[in-house]
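Please keep the sequence and the 3D view open while reading.

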Amino acid sequence: MATTSTTGSTLLQPLSNAVQLPIDQVNFVVCQLFALLAAIWFRTYLHSSKTSPFIRHVVATLLGLYLALFCFGWYALHFLVQSGISYGIMVIMGAENMHRYCFVFALGYLIVCQITRVYIFDYGQYSADFSGPMMIITQKITSLAYEIHDGMFRKDEELNPSQRDLAVRRMPSLLEYLSYNCNFMGILAGPLCSYKDYITFIEGRSYRVTRAGADGKGEPHWERPEPSPNVAVSQKLLVCGLSLLVHLTVSSMLPVEYNIDAHFQATASWPTKVIYLYVSLLAARPKYYFAWTLADAINNAAGFGFRGYDRNGEARWDLVSNLRIQQIEMSTSFKMFLDNWNIQTALWLKRVCYERTTLSPTIQTFVLSAIWHGVYPGYYLTFLTGVVMTLAARTMRSNLRHHFITSPQLKLLYDVITWIVTQIAVSYTVVPFVLLSIKPSFMFYSSWYYCLHIIGILVLLLLPVKKTQRGKNTHENMQLSPSKKFDDTENSLGQNSFSMTNNVCNQETASRHSLLKQ
């Protein structure tokens, strides 16, 4: 019989027993499927053309809170407490200082909740708990505080193009704030979206677009029928189904924990260890593909997530997409993997940390990412290892890549080698993230003799480090049409300094110019 451990409703306990899955996970999936149906109803019967923004805000918020109560019971009150106090901080502190106080409070509240979850409830319980939605709400609270600070306090000339475009010029009402944080489309699994994008969607301005001309500049507004998300939603649901099937069948056969099995370590050859490491971490990813792609499909089904049209006039529904599976699995650099994995979180880290600090921005950003993820020691080992891998990969690329682009054959050889190295390095780095605890994580690294740590440090010590300028290609990328940047994203990843999203952010910024003209 499946576990009955949950803080939410036990109405679906018979279904949980039938499918042999924990009740909290069953609640999560059923609520997300309900949210999908609600999204279709929301787009059909509460369309912005026939319903006021006030009604859309109210319905989206109430549905979101209901889903939260069903999944988490009274723990869902944390969502309201965190949002309510943060709103009060914004009102009291004003635009000059709200971003600092909101950041400290929201992140601190999240940390306290994560500590209680880990040390009061079962350590290592991998289930749908209330701190997951709080992670997304924390992102929204801090993002909006910075966007209001940029829009109502800082001068336009002090902002970079992305900050200027996302800047919020007025304080949101309490209803707008709660709707943004707790709407049914993103309350359970996100993804993060900008406040400006969300309000544009609620008010029905998502489809008033400008078309990028040959020179990359926007032409005057032009009209065309509102695009349907049905094809995009169907494709994403197909990906969800396949991901869930793989997770339920293959993932259990290839546990990551087997990498530290004493018999396996003693008897397996090194090629076998390397192959199993890669395959076991590959099998661990479909559950994330399922959850994030389903969340994306829910937003699209409600009509949210429209980015604009590409050069061929095809609608793009990837404004709030959180991953690109093909680019992840074919990544030829550590940066390329990170740029396409958990995209919205990477954008959040860039906007609230990386581009706002001058002292060791890469290290500070990885530390913030570890703190935000939780209090398990494995998270910190993963992100500290990620710092070394990112800096080493950047150094090797800047020193070696230009030797391999002189001919197609050498470029192909370079791509094959870097794909193999990247997949091994990523798998090696994220093992502690899955194992969670400190002892098994060190058992794994010691069984590999800390070899990639040592190689990474030697690369940083022995190869010259070429300084890069953060965001140096921003202006150039802004001149490209959205579709051009989308087509070129894979090739351009890795050019800027931070290993998370300069190119993604630049692509997004240009697209917003056509979506958010007010």
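At 11% relative accessibility, Asn342 counts as buried, because its value falls under the 20% cut-off. Asn342 sits in the loop between α14 (334–340) and α15 (343–352). Its phi is near 50 degrees, a positive value in a residue other than glycine. Most residues other than glycine have a negative phi, and most peptide bonds are trans. Ser360 also has a positive phi, near 45 degrees, and belongs to the loop between α15 and α16. Ser360 is partly exposed, at a relative accessible area of 35%.

A further backbone feature is found at Pro191. The peptide bond that runs from Gly190 to Pro191 is cis, its omega being near 0 degrees. Pro191 is placed in the loop between α7 and α8 (195–202).

**Overall figures and confidence**

The model is predicted. Its secondary structure consists of 23 helices and four strands. Of the 518 residues in the protein, 55% are buried. Among contacts between residues at least 6 apart in sequence, 71% join residues at least 24 apart.

The mean pLDDT of the protein is 87, and 84% of the residues reach 70 or more. Among the elements, helix α7 (residues 174–182) has the highest mean pLDDT, 98, while helix α21 (residues 474–478) has the lowest, 34. Over residues 209–220 pLDDT stays under 50, and the model has 24 contacts beyond four places in sequence for them. Over residues 471–518 pLDDT likewise stays under 50, here with 137 contacts beyond four places in sequence. Where pLDDT is low, the predicted coordinates should not be read in detail.

**Residues of helix α3**

Thr61 lies in helix α3 (residues 53–72).

| Residue | Relative accessible area | Class |
|---|---|---|
| Thr61 | 7% | buried |
| Gly64 | 0% | buried |
| Tyr66 | 46% | partly exposed |

What does Thr61 touch, not counting residues up to four places away in sequence? Its partners are Leu175, Leu178, Ser179 and Cys182. Gly64, with neighbours within four places in sequence left aside, is in contact with Cys182, Asn183, Phe184 and Ile187.

Gly64 and Cys31 are 33 residues apart along the chain, and their C-alpha atoms are separated by 10.0 Å. For Tyr66 and Phe184, 118 residues apart along the chain, the C-alpha separation is 8.4 Å.

**Helices α16 and α17**

The axes of helix α16 (residues 361–373) and helix α17 (residues 377–400) come within 9 Å and cross at roughly 155 degrees. That makes α16 roughly antiparallel to α17, because angles over 145 degrees count as roughly antiparallel. The crossing of α16 and α17 is right-handed. On the α16 side, the contact uses Thr362, Ile363, Phe366, Ser369, Ala370, Ile371 and His373. On the α17 side, these meet Tyr379, Tyr380, Phe383, Gly386, Val387, Thr390, Leu391 and Arg394. By type, the residues of the contact of α16 with α17 divide into nine nonpolar, five polar and one charged.

**Helices α18 and α19**

Helix α18 (residues 408–435) and helix α19 (residues 438–447) have axes that come within 8 Å and cross at roughly 155 degrees. α18 is therefore roughly antiparallel to α19. The crossing of α18 and α19 is right-handed. From α18, the residues in the contact are Tyr428, Thr429, Val431, Pro432 and Leu435, and from α19 they are Pro440, Ser441, Phe444 and Tyr445. How many of the residues in the contact of α18 with α19 are nonpolar, polar and charged? The contact of α18 with α19 has seven nonpolar residues, two polar and no charged.

How values were computed:
Residues are numbered from 1 along each chain as its sequence is written. This is a predicted model: local features need pLDDT of at least 70, side-chain atom pairs count only at pLDDT 80 or more; totals for chains, interfaces and linings use all residues. Side-chain values use heavy atoms; hydrogens and water are left out. Axes are lines fitted to C-alpha atoms, for helices over the stretch in contact, and angles run from 0 to 180 degrees between N-to-C directions. Helices (H or I, at least four residues) and strands (E, at least two) are DSSP runs, numbered from the N terminus. Angles under 35 degrees count as roughly parallel, over 145 as roughly antiparallel, 65 to 115 as roughly perpendicular and the rest as oblique. A crossing is left-handed if the near helix is turned anticlockwise from the far one by less than a right angle, and right-handed if clockwise. Contact means heavy atoms within 4.5 Å. Ala, Val, Leu, Ile, Met, Phe, Trp, Tyr, Cys and Pro count as nonpolar, Asp, Glu, Lys and Arg as charged, and the others, Gly among them, as polar. pLDDT is the predictor's confidence in each residue, from 0 to 100. Buried means under 20% relative accessible area, exposed over 50%, partly exposed in between (1.4 Å probe, protein chains only).
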